[in-house]
Amino acid sequence: MQQRRQLFRIIITLTILWLLLSGMFKPMQLVLGVLSIGIVAYLSVKMKVLMHRGQPLYFRVFYVVQYCFWLIFQILLSNIDVIKRIISPSLPIKPILKAIPCKQKTELGRVIYANSITLTPGTVAINIAQNSDVLVHALHIDTITDLEEGEMGDRVCRLEPKMKSASNADNPSTRTG
């Protein structure tokens with residue numbers, strides 16, 4: 001049942017993405033689009049990638065769209081800050097390296113968090129440690145302080161799917177798919 005739901009989600013997502021990216025509605029393009037979506041869906045089932053370690057591989061669409069707009073705004077703000085620090089000698093550039101706790105429950109959530117840090121100018125996520133801390137290099141302590149406040153981490157946590165309890169996720173007999 002869970003795998004069917006995941007298959008339905010991937011087909012809907014690929015269809016919407018294909019329609020948005022192609023913008024072509026001629027019969028030949030539609031046939032090729034349906035064919036390519038069918039092949040990807042078939043391969044996803046055969047490769048068993050719809051479920052990852054008992055966790056569904058999907059994110060909450062509304063929050064993803066909201067997060068993308070928020071992240072673009074943060075990237076713009078960070079660009080402005082970096083430009084100010086480069087142009088104005090009075091603004092300090094004091095590089096810092098610090099481990100930031102990561103609250104995400106899934107591997108994909110942690111990767112999205114680390115990539116979001118790296119996308120923001122003036123910061124680079126260097127490593128995700130075994131204890132889920134993210135080692136971050138920043139141009140200034142203010143950036144680290146913003147990350148420690150946790151708004152970006154909280155927003156990434158909202159993207160993640162609702163998780164079953166840890167005991168059910170670790171128990172192979174309760175897994176579906």
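**Helix α3 and its neighbours**

Helices α3 and α6 are roughly antiparallel to each other, a term used for angles over 145 degrees, while those under 35 degrees count as roughly parallel. What I am showing is a predicted model, in which local features need pLDDT of at least 70 and side-chain atom pairs count only at pLDDT 80 or more, although totals for chains, interfaces and linings use all residues. Residues are numbered from 1 along each chain as its sequence is written, and side-chain values use heavy atoms, with hydrogens and water left out.

Let me stay with this pair. Helix α3 covers residues 61-87 and helix α6 covers residues 151-159, and they pack at about 155 degrees with their axes 9 Å apart; helices here are DSSP runs of H or I with at least four residues, numbered from the N terminus, and the axes are lines fitted to C-alpha atoms over the stretch in contact, with angles running from 0 to 180 degrees between N-to-C directions. Where contact means heavy atoms within 4.5 Å, Y63, V64, Y67, W70 and L71 of α3 meet E151, M152, R155, V156, R158 and L159 of α6. That contact divides into eight nonpolar, no polar and three charged residues, where Ala, Val, Leu, Ile, Met, Phe, Trp, Tyr, Cys and Pro count as nonpolar, Asp, Glu, Lys and Arg as charged, and the others, Gly among them, as polar.

Next comes the largest cavity, with a volume of about 40 Å³, a cavity being a set of points on a 1 Å grid over the protein atoms alone where a 1.4 Å probe fits but cannot get out, with lining residues having an atom within 4 Å of a point. Its lining consists of Y63, Q66, Y67, R155, R158 and L159, and the elements giving two or more residues to that lining are α3 and α6.

On to helix α4, residues 107-119, which packs with α3 at about 30 degrees, the axes lying 10 Å apart. That makes α3 roughly parallel to α4. Here Y67, L71 and I75 in α3 meet I112, S116 and L119 in α4, a contact with five nonpolar residues, one polar and no charged.

Finally, the second largest pocket holds about 410 Å³ of space, and a pocket is an open set with protein on both sides within 12 Å along at least five of seven lines. It is lined by 21 residues, with Q74, S78, T120, T143 and D146 lying nearest its centre, and α3 supplies the largest share of the lining, seven residues.

Conventions:
Parallel < 35°, antiparallel > 145°, perpendicular 65-115°, else oblique. Points joined across faces, edges and corners; volume = space filled by probe spheres on them.
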